[in-house]
Amino acid sequence: MSRKSGVGHETLLKRKAEEKLESYRRKIHMKNQAQEKAAEQFRMRLKTKQDEMKLEGDLRRSQRACQQLDAQKNIQVPREAWYWLRLEEETEEEEEEEKEQDEDEYTSEDLSVLEKLQILTSYLRQEHLYCIWCGTAYEDKEDLSSNCPGPTSADHD
């Protein structure tokens, strides 16, 4: 039994099959691109979260160091409330006093973790000649500037 068709019918079928195949390939390519983009976005979110957690850990380390170094110099009250780790037992009354004192200045909530870390690192370097990244208290400013690679974590990588 033979199928009869018009002239060019096979060419038409072949062209349609090729178009269908090309359309399928485009869909697969777009789907793969979407998956790659989603995976990249996930990696970026994860890295951002890890970076934030590292900054928060670095800030806590800096706050602990600041509290210890200030105590060694008999400094009873931090320059800014957030320079030291907050004690969980701190009363609401003390928080109110801090708010009243800070009304004229910027509040710690206005600062990002990175900004706080930069400010506190600078304070530790200037007041205590201490580099949180080196973990070293230096003899003087010259010792600090000649032996410490710089004021940021990236300087120490």
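Which are the buried residues of α1? They are Asp58, Leu59, Ser62, Gln63, Ala65, Cys66, Leu69 and Asp70, where buried means under 20% relative accessible area, exposed over 50%, and partly exposed in between (1.4 Å probe, protein chains only). The legends below concern a predicted model, in which local features need pLDDT of at least 70 and side-chain atom pairs count only at pLDDT 80 or more, while totals for chains, interfaces and linings use all residues. Residues are numbered from 1 along each chain as its sequence is written, and side-chain values use heavy atoms, with hydrogens and water left out.

**Figure 1. Overview of the protein chain and its secondary structure.** Four helices and two strands make up the secondary structure; helices (H or I, at least four residues) and strands (E, at least two) are DSSP runs, numbered from the N terminus. Read from the N terminus, the order of elements is α-α-α-β-β-α. Of the 157 residues in the protein chain, 22% are buried. Contacts (heavy atoms within 4.5 Å) between residues at least 6 apart in sequence include 45% that join residues at least 24 apart. The protein chain has an accessible surface of about 12600 Å², and carbon and sulfur atoms account for 50% of that area; the areas come from the Shrake-Rupley method with a 1.4 Å probe, and for residues only the protein chains shown count as cover.

**Figure 2. Helix α1, residues 9-72.** The 64 residues of α1 reach 94 Å from the first C-alpha to the last, close to the 94 Å expected at 1.5 Å a residue; the expected span is 1.5 Å times one less than the number of residues. Asparagine 74, with a positive phi near 60°, follows α1.

**Figure 3. Cover over the buried residues of α1.** Among the elements that cover these residues are α3 (113-128) and β1 (130-131). The covered set includes Leu59, Ala65, Cys66 and Leu69, together with Asp58 and Asp70.

**Figure 4. Salt bridge between glutamate 40 and arginine 43.** Side chains of opposite charge can pair when their charged atoms come close. A salt bridge is counted when a side-chain nitrogen of Lys or Arg is within 4 Å of a carboxyl oxygen of Asp or Glu, and seven salt bridges are found by this rule. The glutamate 40 and arginine 43 side chains meet at 2.9 Å, N to O. About one helical turn separates the two, because they are three residues apart in α1. Glutamate 40 is partly exposed at 37% relative accessibility, and arginine 43 is partly exposed at 47%.

**Figure 5. Salt bridge between lysine 47 and aspartate 51.** The N to O distance in this pair is 3.2 Å. Both residues belong to α1 and are four residues apart, about one turn of the helix. Lysine 47 has a relative accessible area of 45% and is partly exposed, as is aspartate 51 at 36%.

**Figure 6. Salt-bridge network of Lys54, Asp58 and Arg61.** Lysine 54 and aspartate 58 meet through their side chains at 3.0 Å, N to O. Their separation in α1 is four residues, about one helical turn. Lysine 54 is partly exposed, with a relative accessible area of 45%, whereas aspartate 58 is buried at 6%. Arg61 is linked with Lys54 and Asp58 in the network.
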